[in-house]
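Q: Can you take me through some of the labels on this model and say where each one comes from?

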Amino acid sequence: MDVDFYKPKTSLGTNIHCLTLTDSFFRKNKIDSTKRSLLKNFLTFNGIPIQYMDQVHGRSIEKVDCHTTFAKPETDGLLSSSFDLALGVLSADCMPIAISKKDGNEFAVVHAGWKGLFNGVIEACLDAFSSDGSKLNAWIGPSISKKNYEVDQEFYDAFSAKDMKSKSNFSTQGLNKWCFDLQGEATRILSDFGVDVQNSDICTYDSEIMYSFRKKETEKRIVTIIWRNE
């Protein structure tokens, strides 16, 4: 299916917009979607400057007050309350997660693979929001699905030792092999903190208009952005 972008079914917050740009969008607009080219050349969307991160599978969250032309170093989450920029995340199996206050006064984007989940990147991002009692909404963008994400016993043991609740997102595939539900684990963590979650339910491994590093070791990336209108 030739779709240029996907977005949450309902807005994450007042005047908040969020979408994931697909391979169809990049091909139609003759944009090189390799990671290096995107960071260098795909710097705006509809006139809105995009703030990127130098993603390292960690848990560092940086607050952004104004746009900079360089990617924020060693960062896997951005948070802002500004009107004049979009926060961007690149992915090709890992989860792009967009989060916003219901009133739209603060919004964020997170890059979360298994390392980020294990290291607490979601929790770090939630902690970065100002504590004023406002409800948070989140959208988990296209990412690899459980059936296509096989892991080993050591992986399973590490997650279950950290949090027994993680076991609900594993299913056994035989001796010392498991399938892990990244999206399910992210949903569980967000929900435990009272966040309302929408899931795109799109698998990057199966989709023809997404990119999957596990499937093809591609250097291409989809782009998820979130921004706030005045």
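Q: What makes Lys215 count as a charge over the ring of Tyr205?
A: The cut-off asks for NZ of Lys or CZ of Arg within 6 Å of the ring centre and within 35 degrees of the ring normal. The charged end of Lys215 is 5.5 Å from the centre of the Tyr205 ring, so it makes the distance limit. Lys162 gets the label too, lying over the face of Phe118 at 5.0 Å from the ring centre.

Q: What are these values based on?
A: It's a predicted model, where local features need pLDDT of at least 70 and side-chain atom pairs count only at pLDDT 80 or more, while totals for chains, interfaces and linings use all residues. Residues are numbered from 1 along each chain as its sequence is written, and side-chain values use heavy atoms, with hydrogens and water left out.

Q: Why is the pair of Tyr149 and Phe180 called tilted?
A: Rings of Phe, Tyr and Trp (its six-membered ring) pair if their centres lie within 6.5 Å; planes under 30 degrees apart are stacked, over 60 edge-to-face, and the rest tilted. A search of the whole structure turns up 18 aromatic pairs. In this one the centres are 6.3 Å apart and the planes sit at 45°, so it's tilted. The pair ties together distant parts of the chain, with Tyr149 in the loop between β10 and β11 and Phe180 in strand β13, 31 residues apart.

Q: Why is strand β8 described as largely enclosed?
A: Seven of its seven residues are buried, so the rest of the structure largely encloses β8. Strands (E, at least two residues) and helices (H or I, at least four) are DSSP runs, numbered from the N terminus. Met95, Ile97, Ile99 and Lys101 point one way from β8, and Pro96, Ala98 and Ser100 the other.

Q: How do you know that β8 pairs with β9?
A: Pairing takes at least two DSSP bridges between the strands. Six bridges join β8 to β9, and they run antiparallel, so the test is passed. Ser100 stands opposite Phe107 in β9. β10 is joined to β8 by five bridges, also antiparallel, with Trp139 as the bridge partner of Ala98.

How values were computed. Buried < 20%, exposed > 50% of the residue type's maximum accessible area, 1.4 Å probe, protein only.
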